[in-house]
Every structure is written in C-alpha cells, then in structure tokens.
Amino acid sequence: MNVLDVWPLFGLSLSSPRLQMRIVRDEDIPALLEAVYAGVHDAAVMPFAVPWTDAAPDELRRNFAQHQWRQRLNVKPNNWTLNFAVILNGVPIGVQDMSAVDFSVRQTVSSGSWLTRSHQGAGLGTEMRAAMLIFAFDHLGADVAESGAATWNAASLGVSRRLGYTDNGISRAAPRPGQAIEEQRLRLPRDDFRRPSWKLRVEGLDQARRDLLSP
Ligand SMILES: CC(C)(COP(=O)(O)OP(=O)(O)OC[C@H]1O[C@@H](n2cnc3c(N)ncnc32)[C@H](O)[C@@H]1OP(=O)(O)O)[C@@H](O)C(=O)NCCC(=O)NCCS
C-alpha cells in the first residue's frame with residue numbers, strides 16, 4: 001500500500017486555467033505559512049470568523065499546522081472540510097476550503113478562502129471559488145453553496161456576487177474580542193451559478209469518493 005491507499009483524499013486535485021488545487025499535505029504547510037507570513041490582509045481589520053492571523057508568528061505556525069491536521073481528523077463520509085492548497089506555477093499561494101455537514105441529506109457546501117496579498121485582485125479568488133463550485137455541483141452533486149463575509153469585505157463579496165450568489169441575511173459575529181461585526185451571508189443554488197467559460201479537470205475523485213460520500 002502507499003499513502004493514497006490509506007488516505008485517498010491526498011490524490012484529489014482540481015485544475016483550472018491558472019491554478020492547481022490539491023488537498024493540503026504536510027509538505028505544503030511550510031510554503032502556505034510563508035504565504036501567510038507575507039501578509040493576507042490589512043492588520044486593522046479581521047476578515048475571518050476565527051481570528052487566526054492575529055496570532056504571533058510562532059503560535060500561528062503551530063495553530064496553522066494543527067488546523068490542517070484537525071480537519072483530516074474529522075473527515076468522514078458526508079461530514080468533512082476539505083482544505084485545498086491553491087498553487088500557482090508550482091507555488092502554494094493560498095487555501096480554498098469547502099465543508100459539508102450531512103451532505104447526503106442537505107446537499108449543501110460552504111466555503112472559505114484566502115490568498116497571499118501579492119496575488120490578490122488578479123481574478124484568482126474568483127477562479128479558485130469557481131473551481132470549487134464546479135467540483136461541488138457537477139462532481140459531488142451539491143444543490144446549494146453557501147458563503148459569508150464581513151460587510152466591508154468587497155473582494156470576498158465581489159467573488160461571490162460575480163459567481164451568482166445572492167444575499168441571504170446578515171448575522172453578527174465577534175472575531176476580535178469586544179468588537180462586533182456584521183457578516184453578509186450568501187447563497188447559491190446550482191442553477192444560479194454563473195459559470196466560467198473554462199473546463200475544470202478533476203483527478204482522484206473515484207478513490208476519494210469513498211471518504212466523502214455514502215457508499
Ligand atoms: C477574498 C479573496 C480570496 C478574493 O480573491 P481576489 O483574487 O482578491 O479577488 P478577485 O480578483 O477574483 O476579485 C473578485 C471581485 O471582487 C472585486 N474586488 C477585488 N478586490 C476588491 C477590492 N479591494 N475592492 C472592491 N472590489 C474588489 C473584483 O473587481 C472582482 O469583481 P469583478 O469580477 O466584478 O470585477 C482575497 O482578496 C483574499 O484572500 N482576501 C483576504 C482574506 C479574505 O478576506 N478571505 C475571505 C474571508 S470571507
């Protein structure tokens with residue numbers, strides 16, 4: 001046996017015109033941490049529900065690795081978070097995640113993402129979310145995708161709206177202690193997806209399917 005026989009998700013990968021997305025392996029973690037240390041957002045604001053980028057570098061390193069391992073620990077059919085390393089020209093530059101709870105019944109995925117700042121604003125956030133959506137709708141059979149972003153987060157909301165998500169209410173969150181923010185919830189039924197013109201290449205799904213979906 002090899003590691004793919006043990007953990008078939010490591011063989012799952014999505015290829016879009018500019019990006020390769022593969023499930024984060026331990027050997028991707030150092031480059032992803034470098035992408036985080038190089039900066040993901042203005043320190044004055046917090047785009048994430050969990051304020052993981054506020055940690056000091058040494059704590060962030062440990063938390064980041066433990067977060068990746070924790071997601072693996074919790075994978076079982078119909079209940080998972082997949083963390084895709086987003087790779088441009090061979091270099092990991094960010095993460096696109098996709099989660100499901102009771103997928104066989106709810107047929108719903110939710111997602112989150114980040115890119116290192118030097119690669120933001122070039123359409124890559126839209127490309128990686130579109131890749132995730134094609135995978136969810138066309139390959140896993142999802143009916144609905146959900147997302148959310150702080151109401152000030154024009155880039156994240158821009159990605160969602162560009163791909164056809166519509167507003168689905170406001171909720172209040174407090175990612176930083178003592179500071180409430182408003183979060184815009186978004187929802188995308190499959191038929192409303194504004195699809196890109198390119199085709200997605202998916203590899204490794206046949207093997208990964210048995211850890212993602214009910215037999
Ligand atoms: C959110 C994020 C992944 C988006 O990726 P990106 O590559 O920067 O976004 P894109 O270049 O694909 O832009 C998507 C849309 O938003 C718009 N947009 C991007 N940055 C913007 C900004 N700062 N202000 C206003 N609009 C912006 C773009 O014009 C585009 O809209 P269009 O297609 O209608 O022209 C990325 O900006 C990021 O990592 N931000 C920091 C972390 C974060 O906020 N993560 C999300 C938490 S909810």
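Let's start with the shell around the ligand. By class, 11 of its residues are nonpolar, 11 are polar and 1 is charged. Keep in mind that this is a predicted model. Which residues come nearest to the ligand? Out of 23 residues around it, they are Pro 47, Gly 125, Ala 154, Ala 155 and Gly 158.

Now, where does the shell come from? Three elements, β5, α5 and α6, supply at least two residues each. The largest share is from α6, with 6 residues.

So let's look at helix α6. It covers residues 154–162, and Ser 156, Val 159 and Ser 160 are buried there. Why do these buried residues line one face of the helix? Look down the axis of α6: its buried residues fall within an arc of 95°, and so they sit on one face. An α-helix has 3.6 residues a turn, so residues three or four places apart point the same way. What do the buried residues of α6 pack against? Their partners are α5 (124–139), β6 (144–150) and β8 (179–189). After the helix comes Gly 164, with a positive phi near 110°.

Next stop, helix α5. Phe 135 is located in α5. Buried or exposed? Phe 135 counts as buried, because it has 22 C-beta neighbours inside 10 Å; the cut-off for buried is 20 or more. Set aside residues up to four places away in sequence, and Phe 135 touches Leu 14, Leu 140, Leu 200 and Val 202. Here is a pair to find on the screen. Phe 135 and Arg 201 are 66 residues apart along the chain, yet their C-alpha atoms are separated by 9.1 Å.

On to the strands. Take β4, residues 91–100. Of its 10 residues, 7 are buried, so β4 is largely enclosed by the rest of the structure. On one side of the story is β3, residues 80–88, which runs antiparallel to β4 and is joined to it by 9 bridges. Within this pair, Ile 87 stands opposite Pro 92. The hairpin of β3 and β4 has 2 residues between the strands, and Asn 89 takes a positive phi there, near 50°.

β4 also pairs with β5, residues 108–115. That pairing is antiparallel too, over 6 bridges. Here Val 95 stands opposite Trp 114 in β5. And β5, remember, is one of the elements that supply the ligand shell.

One more residue: Leu 19, in strand β2, residues 19–23. Leu 19 has 19 other C-beta atoms within 10 Å, so it is partly exposed. What is Leu 19 in contact with, beyond its neighbours within four places in sequence? The list is Val 86, Ile 87, Leu 88, Leu 124, Glu 127, Met 128 and Ala 131. Now compare a pair in sequence and in space. Leu 19 and Met 1 are 18 residues apart in sequence, and 30 Å apart C-alpha to C-alpha.

Finally, step back to the whole chain. How many helices and strands does the chain have? There are 7 helices and 9 strands. The radius of gyration is 17 Å, close to the 17 Å that the globule rule gives for 215 residues, so the chain is as compact as a globular protein of that length. Along its principal axes, the C-alpha trace spans about 45 × 40 × 30 Å. Buried residues make up 28% of the 215. And among contacts with a separation of 6 or more, 64% join residues 24 or more positions apart.

Methods
Residues are numbered from 1 along each chain as its sequence is written. This is a predicted model: local features need pLDDT of at least 70, side-chain atom pairs count only at pLDDT 80 or more; totals for chains, interfaces and linings use all residues. Helices (H or I, at least four residues) and strands (E, at least two) are DSSP runs, numbered from the N terminus. The radius of gyration is taken over C-alpha atoms; the globule rule is 2.2 Å times the number of residues to the power 0.38. A residue is buried if 20 or more other C-beta atoms lie within 10 Å of its own, exposed if 12 or fewer, and partly exposed in between; C-beta atoms are placed from the backbone. Two residues are in contact if their C-beta atoms, placed from the backbone, lie within 7 Å. Two strands pair if DSSP finds at least two bridges between them. The arc is that of the directions from the helix axis to the C-beta atoms. A residue is near a molecule or strand if its C-beta atom, placed from the backbone, lies within 6 Å of it. Ala, Val, Leu, Ile, Met, Phe, Trp, Tyr, Cys and Pro count as nonpolar, Asp, Glu, Lys and Arg as charged, and the others, Gly among them, as polar.
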